[in-house]
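I am opening a notebook on this structure and will write down what I look up, one topic at a time.

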Amino acid sequence: ADNLSDALKKLKITTTDSTADSLEGCLDCLLQALAQNNMETSEKIQKSGVLQVFAGLLTPQSSCTAKVANIIAEVARNEFMRNPCVEAGLIPPLVQLLNCKDQEVLLQTGRALGNICYDSHEGRNAVDHAGGAHVVVDHLRSLCSKTDPASEKLLTVFCGMLMNYSNENDTLQSQLINMGVIPTLVKLLGIHCQNAALTEMCLVAFGNLAELESSKEQFAYTNIAEELVKLFKKQIEHDKKEMIFEVLAPLAENDVIKLQLVEAGLVECLLEIVQKTVDSDKEDDIAELKTASDLMVLLLLGDESMQKLFEGGKGSVFQRVLSWIPSNSHQLQLAGALAIANFARNDGNCIHMVDNGIVQKLMDLLDRHVEDGNVTVQHAALSALRNLAIPVVNKAKMLSAGVAEAVLKFLRSEMPPVQFKLLGTLRMLIDAQAEAAEQLGKNVKLVERLVEWCEAKDHAGVMGESNRLLSALIRHSKSKDVIRTIVQSGGIKHLVTMATSEHVIMQNEALVALALIAALELVTAEKDLENAQLVQILHRLLSDDRSAPEIKYNSMVLICALIGSEPLQKEVQSMAFLEVISKLRSHENKTVAQQASLTEQRLAVES
């Protein structure tokens, strides 16, 4: 301790007049003390005011420069020392030293700057202002192809410095991307894949940068996919695989890179992991199974990568994914169902899968999760069924396979994501299927649940889908029984509210359903339509210039139907509809103009 105090005192006077030897002795003493107790020594260095002295010692000409930079690197390992280093003005001279040729000086300077930037906003700003990142990126470029140990050590330190510099800072990450650091880092990874420390630094740097959209476009022009898959195949340790996964996941969000990863053979690696870990109960294996199967699903989100793996339904990857659905692992059931939902993104695939028995597999899976089941698995299986029900030719096949009944078992669910998918699946199934729409529309339990969900104000998706399904049951069945069930369950007011939706498609669906109600069961619905103020709403829709042509057209059709009811006709007469409608006779849309003339005649006759 005495030696340290002496050394600190000497250093303060040394800078002005002293031999290099006595300076070296003081610096060695400091380094020794730091090695024994870094924190305590750092505190003493800070109190002594020696940090300011260091700024003057950081010159390329001095033989002590590397040791001074080393001391700064050591003290900056402590969080409380990073700001004082910035305040002591150490950053500009350190950045200047990056232009030096001496490898030891470069190494210690890189360490010092990297440690000062670690988790320090002030440190990063100071390095940014001094232009440190530019110089380091240039060094990476020029050293990139050198494989001698000293150069690799330098490359590792510089990568680490850039990583600390840009960590969790979008602005600095964008700056590095604009400097073109990504192709350099990818090249580094390829050349130095045998060097574990350097590889690790590259991966963390990629992980930092890959979150930004702009980086993905740059990555897509490199051979990153190939390099990462090559590296992945060599890994045995869980931690190393995890690091690579952390880079792959954000990169795989880009469709171009998805395809590159598929072509580089990532899928085979993932399937192998699944096979190895599926029956294991070790924590690492369970985590690896989840990551691998999640990544697999992500790769299937790209249209090209998905079609490549589907291979007309003959692909081995597609077959393997099918085998996940009956598995006992919830994670694999989930990934399997999500993968099917992704494969079911075009009609051809959907038709092929339904013809080849996929529906029964999904229904069996749902059956396993009816009682206190896994919500994510329920949601995924329903998503897959919904997508499969989109092509017209699949609807009747799926209905006769019993899909509607399987889906209705989840009516009790209190989970909005499950409710949302259940509603969407039923709506797809009954599209233009009159018999099925009538059967479901007469199901009082279903209709009552729909009316309840139409009020789910906290869940806009569920509310919207419930309204749409109510309307669809009427539109596709055109059945008086269905309309009576919906009236008795209190559904009319929701259809009237739906006519005021901000989505034209929903407004239109509501108006068509209401027109059918008025045409088929006006007496039954009369009171509810009056209470829901339908006539006022129609007046508003027709007066509003922003209403779409089809909304104006269907509103007029509905008015013509409503005047068959005495109380509703009185309301129509009291609201000066003729004035609004006569204006629409000159509407630019011919169909609207014609309907306006017809409606005007009807209203004139009735008044």
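The entries below follow the order in which I looked things up, and I keep in mind throughout that this is a predicted model.

**Entry 1: the annotated repeat**

I began with the record, where UniProt, in an unreviewed entry, lists residues 89-131 and 357-389 under "repeat: ARM". I then looked up the span 89-131 in the model and noted that it is 72% helix and 0% strand, with its end C-alpha atoms 15 Å apart.

**Entry 2: Leu 90**

I next turned to Leu 90, which sits in the loop between α6 (79-87) and α7 (91-97). Is Leu 90 buried or exposed? Its relative accessibility is 0%, and because buried means under 20%, I count Leu 90 as buried. Leaving aside residues up to four places away in sequence, I found that Leu 90 touches Leu 51, Phe 54, Ala 55, Leu 58, Ile 72 and Cys 85. I also looked up the separation between the C-alpha atoms of Leu 90 and Ala 112, which is 9.7 Å, although the two residues are 22 residues apart along the chain.

**Entry 3: α13 and α14**

For helix packing I took α13 and helix α14 (residues 196-210), whose axes come within 10 Å and cross at roughly 150 degrees. Since angles over 145 degrees count as roughly antiparallel, α13 is roughly antiparallel to α14. I noted that α13 passes α14 in a left-handed crossing. On the α13 side the contact involves Val 181, Ile 182, Leu 185, Val 186, Leu 188 and Leu 189, and these meet Leu 198, Thr 199, Cys 202, Ala 205, Phe 206 and Leu 209 in α14. Sorted by class, this contact has 11 nonpolar residues, one polar residue and no charged residues.

**Entry 4: α13 and α15**

I then compared helix α13 (residues 181-191) with helix α15 (residues 213-220), and their axes come within 9 Å and cross at roughly 50 degrees. The two helices are therefore oblique to each other, and α13 passes α15 in a right-handed crossing. Ile 182, Pro 183 and Val 186 of α13 make this contact with Ser 215, Gln 218 and Phe 219 of α15.

**Entry 5: helix α37**

Last, I asked how many residues of helix α37 (residues 534-543) are buried. Seven of its 10 residues are, so the helix is largely enclosed by the rest of the structure. The buried residues of α37 are Leu 534, Val 535, Ile 537, Leu 538, His 539, Leu 541 and Leu 542. I found that they pack against several helices, among them α35 (504-520), α36 (522-531) and α38 (549-562).

Terms used:
Residues are numbered from 1 along each chain as its sequence is written. This is a predicted model: local features need pLDDT of at least 70, side-chain atom pairs count only at pLDDT 80 or more; totals for chains, interfaces and linings use all residues. Side-chain values use heavy atoms; hydrogens and water are left out. Buried means under 20% relative accessible area, exposed over 50%, partly exposed in between (1.4 Å probe, protein chains only). Helices (H or I, at least four residues) and strands (E, at least two) are DSSP runs, numbered from the N terminus. Contact means heavy atoms within 4.5 Å. UniProt positions are given in the numbering used here, feature names are shortened, and annotations may be inferred rather than shown by experiment. Axes are lines fitted to C-alpha atoms, for helices over the stretch in contact, and angles run from 0 to 180 degrees between N-to-C directions. Angles under 35 degrees count as roughly parallel, over 145 as roughly antiparallel, 65 to 115 as roughly perpendicular and the rest as oblique. A crossing is left-handed if the near helix is turned anticlockwise from the far one by less than a right angle, and right-handed if clockwise. Ala, Val, Leu, Ile, Met, Phe, Trp, Tyr, Cys and Pro count as nonpolar, Asp, Glu, Lys and Arg as charged, and the others, Gly among them, as polar.
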